[in-house]
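Me: Could you help me learn to read salt bridges, cavities and pockets in a protein model?

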Amino acid sequence: MKWINTRTHNHWLENETDRIFEFGYKSVVPTGFGWIGNNGNIRKEMGTQLWITARMLHVYSLATLMGRPGAYKLVEHGINSLLNGALHDPIYGGWYANVDDTGVIDRTKQGYQHFFVLLGAASATATGHPKAKKLLDKAIDIIEKYFWSEKEQMCLESWDETFSQTEDYRGGNANMHAVEAFLIVYDITKDKKWLDRALRITSVIIHDVARNNHYRVNEHFDSHWQPLPDYNKENPASHFRAYGGTPGHWVEWGRLICHLRATLISIGEHAPEWLLEDAKNLFAAGIRDAWSVDGAEGFVYTVDWNGKPVVRERIRWVIVEAIGTAYALYTTTGESQYEEYYQRFWDYSRCYLMDYETGSWWQELDANNKVSNKVWDGKQDIYHLMHCLLIPRLPLTPGLAPALAAGLLDKNVK
């Protein structure tokens, strides 16, 4: 039985995509896009987070390119929020981490969040919005000045408000999302340095470090890019800097590597053989350490360096990324095991995560697959969901928004 690239399955994905797009319309707030709670309403106490606003700009750029009425207004809203709104710092440049109707809550300049601004701006540029290129130019300028280190040939983690002090910490999560954004920026600009940077980051974090650690990806480093294996051991359920290994990121890296490899091949550049080997091994490691390993279905959130579960909650984005990566590896290799995992992951998601009463998907389940909020409280945004709903309907290159702009949706359907 085959699902991938079949008309009937893609029709189901289309319907689910529209359900999720409709849910996301609720997130509009005056300062950008807000944090959606489990009941589908905005949680005002969470403020307007830069990462959510930037990711929702990306998402509704995709919706615009799919011809969804009303989506272009949300692109306009997202661009204005980032160009001239409360999130933008008109004095020192860049964007604040969090604001609300009364002012700035968090003045730090976070790399993770700025890479999503870069992604959102690049995707918006693909829509042809007249202000999007200005936002993309601003984002590129900030990345070049402050977040890409020519000396290290890697990305820095964060700065203070004035861009005068940066952390000694170096983060794998921020660098992973830099790779994601750099691939789309390459598609928009055709400047190969973005591919070179994506390959460099991948080679350091995955091929140099993770490969020699049973593909358990280390995400915490010092300023010399030496791993910090005990980082946040006292706070294992951290949102963005969890202790140990986060298998959801291992499989997410696998998908990004497939995109990078496909892009290099498409332009006639050499794609190192280790790219596919590492992508397959990252996925296999995620299955080995995290998939249904503790007596119940689902991916555990984090594991220690021996592969033992630490935080056993099932987080939505992990299974979502696994679906996208199973598709990417099936497309790349044609191996039936990836189609089988793809179906198994979807069955799990339909059984436990999809919420047809209050909308979207639950963000977190406990170790018994019951709704919980130990790590994440609320449904935040709909960015990750696009990776299981749209990626399986597109080629591996170009990236999401450029592919939609080129009319490549469902071109592989048989």
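Reply: Buried means under 20% relative accessible area, exposed over 50%, and partly exposed in between (1.4 Å probe, protein chains only). Before we go on, this is a predicted model, where local features need pLDDT of at least 70, side-chain atom pairs count only at pLDDT 80 or more, and totals for chains, interfaces and linings use all residues. Residues are numbered from 1 along each chain as its sequence is written, and side-chain values use heavy atoms, with hydrogens and water left out.

Me: Which residue meets Glu-167 in a salt bridge?

Reply: First the general idea: side chains of opposite charge can pair when their charged atoms come close. The rule here asks for a side-chain nitrogen of Lys or Arg within 4 Å of a carboxyl oxygen of Asp or Glu. In this structure, the partner of Glu-167 is Arg-241, at 2.8 Å from N to O. Glu-167 sits in the loop between strand S9 (158-159) and strand S10 (170-171), and Arg-241 in the loop between strand S11 (220-221) and H8, so the pair ties together parts that are 74 residues apart in sequence. Helices (H or I, at least four residues) and strands (E, at least two) are DSSP runs, numbered from the N terminus.

Me: Is Arg-241 buried or partly exposed?

Reply: Arg-241 counts as buried, with 15% relative accessibility.

Me: How far apart are the closest N and O atoms of Asp-137 and Lys-133?

Reply: They are 2.9 Å apart, and the two residues form a salt bridge. Both belong to helix H5 (residues 132-147), and because they are four residues apart, about one helical turn separates them. Asp-137 is partly exposed at 38% relative accessibility, and Lys-133 is partly exposed at 44%.

Me: How many salt bridges does the rule count?

Reply: The count comes to 30. Some are linked: Glu-14, Asp-18, Arg-68, Arg-393 and Asp-410 form a network of salt bridges.

Me: Which residues lie nearest the centre of the largest cavity?

Reply: Among its 19 lining residues, Ile-184, Arg-255, His-259, Gly-399 and Leu-400 lie nearest the centre. Helix H6 (172-189) and helix H8 (247-266) are the elements that give two or more residues to this lining. By class, the lining has ten nonpolar, six polar and three charged residues. Ala, Val, Leu, Ile, Met, Phe, Trp, Tyr, Cys and Pro count as nonpolar, Asp, Glu, Lys and Arg as charged, and the others, Gly among them, as polar.

Me: How much space lies in the largest pocket?

Reply: About 300 Å³. Its lining has 20 residues, and the closest to the centre are Trp-51, Gln-110, Tyr-112, Gln-113 and Phe-240. Helix H4 (111-127) and H6 each supply at least two lining residues.

Key:
1 Å grid on protein atoms, 1.4 Å probe; cavity = no way out; pocket = protein on both sides within 12 Å on 5 of 7 lines; lining within 4 Å. Points joined across faces, edges and corners; volume = space filled by probe spheres on them.
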